[in-house]
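Open your viewer and get ready to select residues one stop at a time.

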Amino acid sequence: MNPSSKPRIRSEKIRLELQHTFTIAGGSAAFKENVLVFYERDGLTGVGEASHVTVKEQTAERTLRAVERLIPLYKTVDPFAFADLREQARQIADATPPARAAIEMALMDWVGQKLNVPLYRLFGLNAGRAPSTSFTIGLDTPEVMQQKTREAGPYHVIKVKLGRPNDREIIKALRAVTDKPIRVDANEGWPDKETAIKKIEWLEKQNVEFVEQPLPRKMIDETGWLKERTPLPIVADESVFIASDIPAIAGAFSGINIKLMKAGGMLEALRMFQVAKAFNLDTMLGCMIETSIAITAGAQLQSLARWVDLDGNLLLSHDPFAGAVMKAGRWQPPDRPGLGVKPRVSNRR
Ligand code: MG
């Protein structure tokens with residue numbers, strides 16, 4: 001199974017237009033710039049994608065520079081010794097997890113193609129277990145959020161971004177148009193535990209499934225105080241990036257949101273699922289705004305998660321790739337080797 005040729009690795013920036021300007025507690029975006037990485041070898045091309053949080057120092061240019069630094073490592077190692085690469089990659093690009101995620105995703109896509117197995121099979125996962133994905137409603141006026149909720153017809157669960165003074169008005173507006181379960185993501189937007197517990201106690205009565213990151217990421221003890229006072233699961237997102245972050249926050253949260261772009265790739269995400277289980281934490285599989293490449297990479301792992309929140313590609317006005325297929329509100333990973341993604345052939349809208 002040794003490769004017969006040397007690899008060629010390249011990267012490029014792509015611009016993705018959004019259907020609606022996307023707003024969370026920290027900022028807004030009308031378009032996103034992501035980075036694609038291609039790993040070409042033996043006539044096969046693996047593809048990976050980096051996406052970025054909306055309002056942080058992460059940029060496509062920074063990711064491109066980090067990918068350039070990672071390329072020599074990925075060119076020289078045995079591609080089937082992929083489990084060893086994660087730590088070496090961290091030494092080279094620790095502060096740029098999207099770059100590490102993208103180059104590793106391209107390599108894993110190639111490995112799956114070379115071995116002729118879908119990645120979920122390579123990882124020993126059950127493609128038949130597919131939790132319903134939630135569909136995210138970004139912050140907007142209550143009227144626009146109602147309209148977006150109506151447009152979310154095919155999805156069984158709504159995820160709503162809160163973290164502003166009119167949270168209650170927003171939930172009331174959504175409850176006027178839907179009785180689906182609602183997941184709340186405050187994105188660190190509630191300033192203190194007293195404010196948060198008042199919001200949460202009200203949300204308990206609104207058919208809310210859980211509350212994600214109610215308080216700023218460093219307020220771990222205050223979050224633990226909330227957890228003791230509510231039956232609603234409290235899920236960490238901004239407070240947890242990689243597996244080694246989990247022990248310190250495990251007592252304060254009921255679950256964690258695992259994202260490929262925070263973890264720095266599928267392999268660290270797999271490790272996070274195992275560590276979370278060891279700490280008796282529930283798990284959600286989340287995403288950023290990204291194409292079907294990174295969403296399909298997530299869908300390969302979704303059977304490990306209690307909650308799935310893979311909707312980043314659904315927010316694009318045009319997804320240049322096709323991969324996992326949406327059926328009755330659930331993702332089905334492709335039955336093709338590797339990630340199983342391909343360029344979309346349909347006409348651009
Ligand atoms: Mg979140």
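Helix axes here are lines fitted to C-alpha atoms, over the stretch in contact, and angles run from 0 to 180 degrees between N-to-C directions. Helices (H or I, at least four residues) and strands (E, at least two) are DSSP runs, numbered from the N terminus. This is a predicted model, in which local features need pLDDT of at least 70 and side-chain atom pairs count only at pLDDT 80 or more, while totals for chains, interfaces and linings use all residues. Residues are numbered from 1 along each chain as its sequence is written, and side-chain values use heavy atoms, with hydrogens and water left out.

**Stop 1: two helices together**

Select α5 (residues 142-151) and α6. Their axes are 9 Å apart, and the helices pack at an angle of about 40°. Which residues of α5 meet α6? Show Pro142, Met145, Gln146 and Thr149 in α5, which meet Glu169, Ile170, Ala173 and Leu174 in α6; contact means heavy atoms within 4.5 Å. By class, this contact has five nonpolar, two polar and one charged residues (Ala, Val, Leu, Ile, Met, Phe, Trp, Tyr, Cys and Pro count as nonpolar, Asp, Glu, Lys and Arg as charged, and the others, Gly among them, as polar).

**Stop 2: helix α7**

Next, select residues 193-203, which form α7. Its buried residues are Ala196, Ile197, Lys199, Ile200, Trp202 and Leu203. Buried means under 20% relative accessible area, exposed over 50%, and partly exposed in between (1.4 Å probe, protein chains only). Around these buried residues, look for α6 (167-175), β6 (182-185), β7 (208-212), α8 (220-227) and β8 (234-236), against which they pack.

**Stop 3: charged pairs**

Side chains of opposite charge can pair when their charged atoms come close. A salt bridge is a side-chain nitrogen of Lys or Arg within 4 Å of a carboxyl oxygen of Asp or Glu, and the structure holds 24 of these bridges.

Select Glu61 and Lys13: the closest N and O atoms of this salt bridge are 2.6 Å apart. Glu61 sits in helix α1 (residues 60-76) and Lys13 in strand β1 (residues 8-24), so the pair ties together parts 48 residues apart in sequence.

Now pick Arg217 and Glu188, whose side chains meet in a salt bridge (3.0 Å, N to O). Is Glu188 buried or exposed? Glu188 counts as buried because its relative accessibility is 19%, whereas Arg217 is partly exposed at 26%.

Finally, show Lys159, Lys161, Asp185, Glu212 and Asp309 together: a network of salt bridges links them.
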